[in-house]
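Biologist: Can you take me through the ring contacts in this one, and then a helix?

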Amino acid sequence: MDSAGVFLPLQEDVFPDTDDFGRVFRNNAVMSAMGIPQITAIMGMCVAGGAYLPVMCDHILMTEGSGLFLAGPALVQAAIGQRLPRKISAARKCIRKSAARWIFANPMTMRASHEFARSLTRSAPPNPSPFSHTKAREPLFFAEEIYGIFSSDPGKQYDMREIIARIVDAGEFEEYRAESGETLLCGYSRIGGWAVGIVANQKKHVQTLARGSDQKRMEFGGVIYTESAEKAARFILDCNQNRIPLIFLHDVNGFMVGKDAEWSGIIRAGAKMVNAVANSVVPKITVICGGSFGAGNYAMCGKAYDPRFMFAWPTARFAVMSGDAAASTLVEIKTEAARARRQKSRRETKKELYESVRASYEHQTDPRYAAARLWVDALIDPAHTRDALIWALEAAARSRLRVQSRMS
């Protein structure tokens, strides 16, 4: 794509009729609904109608120096009297600041964008096979190194990309929209030769820009923010579009709370993600590595959302919230209730309640407690995660009729 949009002097020839300009966007949407993947590589400035076409596609690649915007500087000045510099449309600004956050990756060279487009088409399965499969390649790193990377301590950080690199073929992970919603990793890879989409909680804190401004803010690892949820929802839809099984790697505290999160639309974005997971028709396989609490468990395809297989590491913990959080919340509620009755709450009573609730939660969040009740299919050694996933993917690939009938 490299388009200035409608040629204004000849608008009657390109705009109003059935087979004119708007029909292109309509066909984009219809083809998408038919399951035909569409990939756009933006090679220059895409304005107005020239901007709608790429954003109606499934994947967008932007070359360095290209741009994407609804109205050019001349139209903006004519419409609202605002003067805009050309750099407002630069590729990096589109990725970092604007609402066009479905763009796949960092700005790249033209040659790199062509190679990236080819890699995306290779992940699409050929008919009639339900899922794409090639010859398996060994991981680039030893699986046992996971023991030294992962931390079950909720207060400690680690890079989930390092875990993924020790599970997938040749350590290759093509990340989706890496510069937005960074506390949730999404990307394409292969495990045992099977094409997969991976959704994983990132446990590293990341510094980012507040939405719509240049103000810096810190996002906490293991928390799902508005942009994270929006990114994941779109990624899950893309995987369904291209019949790519989904792998969910859990270490999640839940969705972000607070005034700023509410104003940013966290409820709406979270609902989008949960909706995408609930209506997903490709096989979903869940691995709970660390914590998996509250609505974060649902959004990451917990038991209630029908994963084909659900595995847990010995370090897994999942419940409506952590034991400490539940105990603190109940103590606070009891204290407020006592104040409302103008009664004093004894310190010993509060401590007793806290310890009682915490002990109950610690017992019930143990993965062995969950396995005994068939809430998980198996407890697995972290170093054996790849083997378990390959086994699960091979089993899921055998149920072709079920997948194809639901897709139709």
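Biologist: How many aromatic pairs does a search of the whole structure find?
Modeller: Eight. Rings of Phe, Tyr and Trp (its six-membered ring) pair if their centres lie within 6.5 Å; planes under 30 degrees apart count as stacked, over 60 as edge-to-face and the rest as tilted. This is a predicted model, where local features need pLDDT of at least 70, side-chain atom pairs count only at pLDDT 80 or more, and totals for chains, interfaces and linings use all residues. Residues are numbered from 1 along each chain as its sequence is written, and side-chain values use heavy atoms, with hydrogens and water left out.

Biologist: What sort of pair do Y176 and F235 form?
Modeller: A tilted one, 5.3 Å centre to centre with 50° between the planes. Y176 is in the loop between β5 (174–175) and β6 (184–191), and F235 is in helix α9 (residues 226–241), so the pair ties together parts 59 residues apart in sequence. Helices (H or I, at least four residues) and strands (E, at least two) are DSSP runs, numbered from the N terminus.

Biologist: Is Y176 buried or exposed?
Modeller: Buried, at 0% relative accessibility. F235 is buried too, with a relative accessible area of 0%. Buried means under 20% relative accessible area, exposed over 50%, and partly exposed in between (1.4 Å probe, protein chains only).

Biologist: And why is the pair of F309 and W391 edge-to-face?
Modeller: Because the planes are at 65°, with the ring centres 5.0 Å apart. F309 sits in strand β14 (residues 309–312) and W391 in helix α16 (residues 385–397), 82 residues apart. F309 counts as buried at 16% relative accessibility, while W391 is exposed at 51%.

Biologist: Which residues do ring pairs link into a cluster?
Modeller: F150, Y158 and W313.

Biologist: New topic, helix α6. Which of its residues are buried?
Modeller: S113, F116, A117, S119 and L120. Seen down the axis of α6, they fall within an arc of 160°, so they line one face of the helix. That arc is taken from the directions from the helix axis to the C-beta atoms.

Biologist: What do the buried residues of α6 pack against?
Modeller: They pack against β1 (39–42), β3 (59–62), β5 and β6, where contact means heavy atoms within 4.5 Å.

Biologist: Which exposed residues are on the face turned away from the buried side?
Modeller: R111 and R122.
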